[in-house]
Amino acid sequence: MAAPPKDGKLAQWFHRRGWQDMIIGIPYLWLILFFLFPFCIVVAMSVATRTPTAPPFGFGGENPIINLAGYARLFHDTLYIRAFLTSIVNAAGATLLCLVVGYPMALGLTRVSKGSRNILLMLVILPFWTSFLLRVYAWMGLMAKNSWFNGLLTDAYNFLTPAAWAVKSIPMMHTNFAVVVVMLYTYLPFMILPLYANLERLDRTLDEAAMDLGSKPAQVFRDITLPQSIPGIIAGGLLVFIPAAGELVIPTLVGDASSPMIGRVISDEFTAASDWPMASSVAVALLLLMVGPMMVYTHYQSKAEGKAAEEQK
Amino acid sequence: MNRRPTFLITMLCFGFAFFYIPILSMMVYSFNASRLATVWGGFSTKWYVSLFSNRQVGEALWLSLRIALLSATCATILGTMAGIVLARFRRFKGRVVFSGLVTAPLIMPEVITGISSLMGFILMAQWIGWPASRGFTTVTLAHITFSMVFVTTIVQSRMLQADRAIEEAAMDLGSRPWQVMFDVTLPVISPAILSGWLLAFTISLDDVVITSFTTGPGSTTLPLLIWSKVKLGVTPDINALATLTVLIVGICVAIAGVMMNRAEKRRERDAQLAYRANE
C-alpha cells in the first residue's frame, strides 16, 4: 500500500473518522430535530391541559403537570371508541378486498410472457404516480347520484329486486362503503407489488411435481403456492392496513361524517375544536394500537433484508 | 403447468378495468359542456380554457414545483447519507435509534406527522423565533423529513445488493474511505439515487395532509387548491386538471420506461461482451 501523504490534524481526523461521523451525524440530527422532537411534543401534549390561550395548552402553574383527562375521555366518550372501531373495520375490509382482488392479479402477472409482464407492471404502478387526491376524486365522480356508473348500478339493482324496492339512485357517497371501495382502489398496488415480488420467486417445478403426482390445480394452489406466499400476504396486508387505518383524505371526501374514522377525529380535534391535548391523546392511542402491526412489519422487513444480505454473500 | 390460467387472466383484465375505468371516465367528463359535472351535456373544451386562464392554478403549480424540487434534492442528499450509513456502518453508537428514526416516518399516519410538525414549528417559533412564519419554509422542511426516509429505503436496499469487491479493490489500491465513497460507491448506486429523487419529488408534489397542516396563509400548493375545491364536490375544471396530470405523468413514465429498458439491454450486451473478452 502506498504511504499516505502527510496530513494536518484536521485532515487526519477527517479521514480517520470525521467523514463517517459527518454522514452519520447530519441525517441523525435532522431526524432528531424535525421528527423526534415534534413527536415528543405530541406525547407531552397528550398529558397537557387545554387552556383558552394561544397556543391552546398549559403545563404546570395552575394546571396539573400531568393531566390524564384526555385519555380518560377516550374510554368515556363513545365518539372515540366508535371512531377507532370504524377505522379498524374499514381498514380491515379494504385489506381483505385488496387481498381477494390483488392475489389473483399478482399470480396472473407471474403467468404472462415477460414482455407483457413489464408493461402490465408499469400499468399497476402508473396510477400510483398520478395524484392520490385525483384518484379519490375520480371515484367521487363515479359514485355521485346522477353519474353513469351509479345509473348502471341502479338499473341492475332495480332489475334484480322486486318493483316495490325500486330506487332512483344508490346512495354511495358519504358512506363507509364508499370509503372501503376507494381504499381498495388507491391501495391495491401496495398489495399487488409485494405479492408479485414474492410469487415471482417461487419455484415452479414444485407445482409440476404436485401435478405429476395427481394434484388438481386448486389443490396445487392450496398446498403449494398459498403456504409459500404467506410472507408476501403479510407484507402486502400491512402495507395496506397501516396507512388505511390512519387515513384522512378518503374519509373526509367520501366518508360518512356521522361515523368518522380516527384520522378525521384527530384532524377535527386539532383544527376545528383547537383542542391540542385531546388530539394528541387520540394520536398516541392510535399509535399504540398500531404498534403491533408495525412491529410485525419491521420484523418481516429486517428478515427480508437479512435474507437479501445473505444471498449477496 | 400447460393449462392456460384462464381464471387468472380474467382477473387481470377485471383488475385493470377497475384501475383505469374511473380515470377514463374522469377524462371523458373533462370535455363535458354541462356545469353539472356528472351529467353529460355535449362536447366542450371550455373547462380547459377556464383552467388555463385561472391565475391561481398557475401560481399554485409554480409553488408546488419549487417546493418539490428543493425538498426532493435535500431529501435525496440526507436520505442517501442515511442509506449508506445503514447499509455500510454495521456498528456505531445509537444505530438502533437511528434505524428506528428512519423507519418510523414510513409507517406514521400522515395526520400525526402533520399535527406533530405543526406543533413543533409553532413551539420552535415561540422559543427561538424561527421559523417566524409558516409557508414555503415550513412546508419544505416537513416534506424533506418525511420523503428522505423513502430515499433511504431505496438506497439501502440497492447498497445491500451492490458488489462490495469493487469498494475493497479501491481500498487496496490506496483510496481513502472517503474517496471510495465518492469515486466508487456513489456512481454504483446512482440509479437508486435517481429513483429516490423521483420518488421524493412525486411524494412532495402529491402531498395534501402534511402540507395542509404545515402551510400558512398565502402558500397554497396545487394539491391544497384541489383539496379545497374537491371538498365542496365534483367540479368540471378539476376533471380537466386531472386529465392533464394523468397525461403528463403517463408520458413521462412511458419515456422513463423505454429509457430504462434500453439501458438494461445495453448493460446486458456490455456484460456479455466483457464476458466473451475474458474467455
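**Entry 1: a helix of chain B.** I began with α4(B), where B:Phe98, B:Leu101, B:Val102, B:Pro105 and B:Ile107 are buried. I count a residue as buried if 20 or more other C-beta atoms lie within 10 Å of its own, as exposed if 12 or fewer do, and as partly exposed in between, with C-beta atoms placed from the backbone. The model is predicted, and I note that local features need pLDDT of at least 70, side-chain atom pairs count only at pLDDT 80 or more, and totals for chains, interfaces and linings use all residues. Residues are numbered from 1 along each chain as its sequence is written, while chains are lettered from A and ligands numbered from 1 in the order in which they are written.

Helix α4 of chain B covers residues 95–107, which is 13 residues. From its first C-alpha to its last I find 19 Å, close to the 18 Å expected at 1.5 Å a residue; the expected span is 1.5 Å times one less than the number of residues.

**Entry 2: the two chains.** I looked up the secondary structure, taking helices (H or I, at least four residues) and strands (E, at least two) as DSSP runs numbered from the N terminus. Chain A has 13 helices and zero strands; chain B has twelve helices and zero strands.

Along the principal axes, the C-alpha atoms of chain A fill a box of roughly 85 × 70 × 35 Å, and the trace of chain B spans about 70 × 70 × 35 Å. Buried residues make up 38% of chain A and 39% of chain B.

**Entry 3: where the chains meet.** How many residues of chain A are in contact with chain B? I find 74 residues of chain A in contact with 69 residues of chain B, a contact being two C-beta atoms, placed from the backbone, within 7 Å. Helices of chain A that each supply at least two residues to this side include α1 (9–45), α3 (78–110) and α13 (276–312). The largest share, 19 residues, comes from α1(A). By class, the side of chain A that touches chain B has 56 nonpolar, 14 polar and four charged residues. Here Ala, Val, Leu, Ile, Met, Phe, Trp, Tyr, Cys and Pro count as nonpolar, Asp, Glu, Lys and Arg as charged, and the others, Gly among them, as polar.

**Entry 4: the core.** The largest nonpolar core has 143 residues, and among those touching the most other members are A:Trp139, A:Tyr187 and B:Ile115. Such a core is a set of buried Ala, Val, Leu, Ile, Met, Phe, Trp, Tyr and Cys residues joined through C-beta atoms within 7 Å. Leaving aside neighbours within four places in sequence, A:Tyr187 is in contact with A:Ala94, A:Cys98, A:Val240 and A:Ala244.

**Entry 5: backbone details.** Most residues other than glycine have a negative phi, and most peptide bonds are trans. The bond from B:Trp130 to B:Pro131 is cis, with omega near -5 degrees. I place B:Pro131 in the loop between α5 (110–128) and α6 (136–161) of chain B. A:His174 has a positive phi, near 60 degrees, and lies in the loop between α6 (148–160) and α7 of chain A.
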